[in-house]
Amino acid sequence: MSTMIVPRNSHAMTLDQAEGVLYIMGGLKSKTDLNDLIAYDLTSCTASTLHDGTGPGAPPCGLTQRAFFHQKKRQIRVLVGSAVQSSRTYKKSRNGTIDG
């Protein structure tokens, strides 16, 4: 089943060139923080949700995140610059980890 990609800003994207898949992570839609992970297949032009951003294991919402795809290890690496907390306050982070 194909996923509809919600228009957003302040998100991160990275490309797996070998597989032709674009990964879209988090961002902001109006005043709603997004924390999802979507894969967009460039060959079939279809999108699928890999993680809806809820439940255990969900990373913190980020607004200044950067992502890259490690081709050799087949991993997405994300560095989060500012993480969203409750009531839309933000915590600065360093080196991709959230300070306690």
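**Briefing: the antiparallel sheet and its core**

Strand E1 (residues 12–16) and strand E2 run antiparallel and are joined by five bridges. Strands, like helices, are DSSP runs numbered from the N terminus, with at least two residues (E) for a strand and at least four (H or I) for a helix; two strands pair if DSSP finds at least two bridges between them. The model is predicted, so local features need pLDDT of at least 70 and side-chain atom pairs count only at pLDDT 80 or more, while totals for chains, interfaces and linings use all residues. Residues are numbered from 1 along each chain as its sequence is written, and side-chain values use heavy atoms, with hydrogens and water left out.

**Sheet**

- Four strands form an open sheet in the order E1-E2-E3-E4, with antiparallel pairing.
- E1 and strand E4 (46–51) stand at the edges with a single partner strand each, so one side of each has no neighbour in the sheet.
- From one strand to the next, the twist averages 25°, taken between axes that are lines fitted to C-alpha atoms, with angles from 0 to 180 degrees between N-to-C directions.

**Strand E2 and its partners**

- Seven of the nine residues of E2 (residues 21–29) are buried, that is, under 20% relative accessible area with a 1.4 Å probe and protein chains only (exposed is over 50%, partly exposed in between).
- Eight bridges link E2 to the antiparallel strand E3 (residues 32–41); Ile24 has Ile38 of E3 as its bridge partner.
- Two residues separate E2 and E3 in their hairpin, where Ser30 in the turn has a positive phi of about 55°.

**Nonpolar core**

- The largest nonpolar core has eight residues: Ala12, Val21, Tyr23, Met25, Leu37, Ala39, Ala67 and Phe69. Such a core is a set of buried Ala, Val, Leu, Ile, Met, Phe, Trp, Tyr and Cys residues joined through side-chain atoms within 4.5 Å.
- E2 gives the most to this core, with three residues.

**Asp36**

- Asp36 lies in strand E3 and is buried, with a relative accessible area of 16%.
- The side chain of Asp36 makes a polar contact with that of Arg8 (2.7 Å); a polar contact is a pair of N or O atoms within 3.5 Å, where within protein one must be able to donate a hydrogen and the other to accept it, and residues adjacent in sequence count only if both atoms are side-chain atoms.
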